[in-house]
Structure formats: structure tokens, C-alpha cells
Amino acid sequence: MPRAFVTTALMIAAIPAGAEPLKGSEIEPALNDVTIWYEPLSPTSARQFFNHNGETPYIDEVGTKTSGRWLVRGDQYCSQWPPSDRYVCYSVERSVDAKGRAVITFLSGGDGKRYTGVARAGMHVDEAWGE
């Protein structure tokens, strides 16, 4: 995830109730062709699309666009953001919030941070959050 993504776009979140750790074989289907709006949810929430071809466009909360690559290695989601050619990997959990929405949480092994967002099928990265 780009540094701006990690440091400014995401909020450290508490463990969602009933969070289920995903295995490698479950991560790709959970993310393929899905857009995630990162917390805190608002019309300007940071959002990321996980294209089935491995591309992952991202827009931060001020509208800055970037695009990286994603893949699954073992039991982790991994992403690469230019200009770096290095992939950084995260464990993934899935849960359902009180409104019945799918919630995905990425867990950083290095610093223990959690990045949580609401998942919605399809490419909505150019759309503001709306229920």
C-alpha cells in the first residue's frame, strides 16, 4: 500500500465482531472485482478496487489517484505501489457489520496496524461513498 495510503488514508480499527481470518484460497475470491471504502466512511472515503487482472487503482480522501498491483502469496494479500517494485503483504479478515455489509480488514504483520473498509462488488473507485 502506498505510504500515503498507510499513513493518511486509513484508520486503525478495532477487530470487527466475528472477524474470520481468510486463507490464501479465500482471499482472491473475496477481493476480486470488489471496491473497498476505507473507514471512516464518508463521501470522501479513501477507496480501492481489486481488479481480477491484478491492477488495483486507489483514490485517497483528497482525490489523489494512484494505481498498483495486487496478488495473493500464501495466506496473505500483497500489494506493490510505484515507484517501489517491492510487494508488502497483509493478513486478511472478513466480517459483517451491523448493517449487514461485508467488511474486509488488512492486518500489517510488521507494525500490527489494521486497515478496515466496507466491500462492495464491482468497480466504484470513482464514486463517492453512499449507502
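I note here that the model is a predicted one.

**Entry: overall layout**

I went through the secondary structure next. I found two helices and nine strands in the chain. Read from the N terminus, the order of elements is α-β-α-β-β-β-β-β-β-β-β. The chain has 131 residues, and 44% of them count as buried. I also looked up contacts with a separation of 6 or more; residues 24 or more positions apart account for 47% of these.

**Entry: the disulfide**

How many disulfides does the structure hold? I found one. Cys-78 and Cys-89 form it, and their sulfur atoms are 2.0 Å apart. I looked up the turn about the S-S bond as well: the value is 105°, and the link is right-handed. The two cysteines sit in distant parts of the chain, with Cys-78 in strand S6 and Cys-89 in strand S7, 11 residues apart.

**Entry: aromatic rings**

I then turned to the rings. The count of aromatic pairs is nine. I began with Tyr-77 and Tyr-90, whose ring centres are 6.1 Å apart. Why is this pair tilted? The planes of the two rings stand at 35°, so the pair falls in the tilted class; for stacked the angle would have to be under 30 degrees, and for edge-to-face over 60. This pair links distant parts of the chain: Tyr-77 is in strand S6 (residues 76–80) and Tyr-90 is in strand S7 (residues 87–96), 13 residues apart. Both Tyr-77 and Tyr-90 are buried.

I followed Tyr-90 to another partner. Tyr-90 and Tyr-115 form an edge-to-face pair, with 6.2 Å from centre to centre and 80° between the planes. Tyr-115 belongs to strand S9 (residues 114–121), and 25 residues separate it from Tyr-90 in strand S7. Tyr-115 is buried, as is Tyr-90.

Which residues do the ring pairs link into a cluster? I wrote down Tyr-38, Phe-50, Trp-70, Tyr-77, Tyr-90, Phe-106 and Tyr-115.

**Entry: strand S8**

I picked two residues in this strand. Thr-105 is found in strand S8, which covers residues 102–108. The relative accessibility of Thr-105 is 0%, so Thr-105 counts as buried. I checked what the side chain of Thr-105 touches, and found a polar contact with the side chain of Thr-116 at 3.0 Å.

Val-103 lies in strand S8 too. Its relative accessible area is 5%, so Val-103 is buried. I looked up the spacing between Val-103 and Val-118: they are 15 residues apart along the chain, and their C-alpha atoms are separated by 4.5 Å.

As background, most peptide bonds are trans, and most residues other than glycine have a negative phi. I noted some departures from this below.

Which residues does a cis peptide bond with omega of about 0° join? They are Glu-39 and Pro-40. Pro-40 is found in the loop between strand S2 (34–38) and strand S3 (47–50).

I found another cis peptide bond between Pro-82 and Pro-83, with omega of about 10°. Pro-83 is found in the loop between S6 and S7.

Asp-33 is not a glycine, yet its phi is positive, about 55°. I located Asp-33 in the loop between helix H2 (24–31) and S2. Its relative accessibility is 32%, so Asp-33 counts as partly exposed.

Notes: Residues are numbered from 1 along each chain as its sequence is written. This is a predicted model: local features need pLDDT of at least 70, side-chain atom pairs count only at pLDDT 80 or more; totals for chains, interfaces and linings use all residues. Side-chain values use heavy atoms; hydrogens and water are left out. Rings of Phe, Tyr and Trp (its six-membered ring) pair if their centres lie within 6.5 Å; planes under 30 degrees apart count as stacked, over 60 as edge-to-face and the rest as tilted. Helices (H or I, at least four residues) and strands (E, at least two) are DSSP runs, numbered from the N terminus. Buried means under 20% relative accessible area, exposed over 50%, partly exposed in between (1.4 Å probe, protein chains only). Contact means heavy atoms within 4.5 Å. A polar contact is a pair of N or O atoms within 3.5 Å; within protein, one must be able to donate a hydrogen and the other to accept it, and residues adjacent in sequence count only if both atoms are side-chain atoms. A disulfide is a pair of cysteine sulfur atoms within 2.5 Å.
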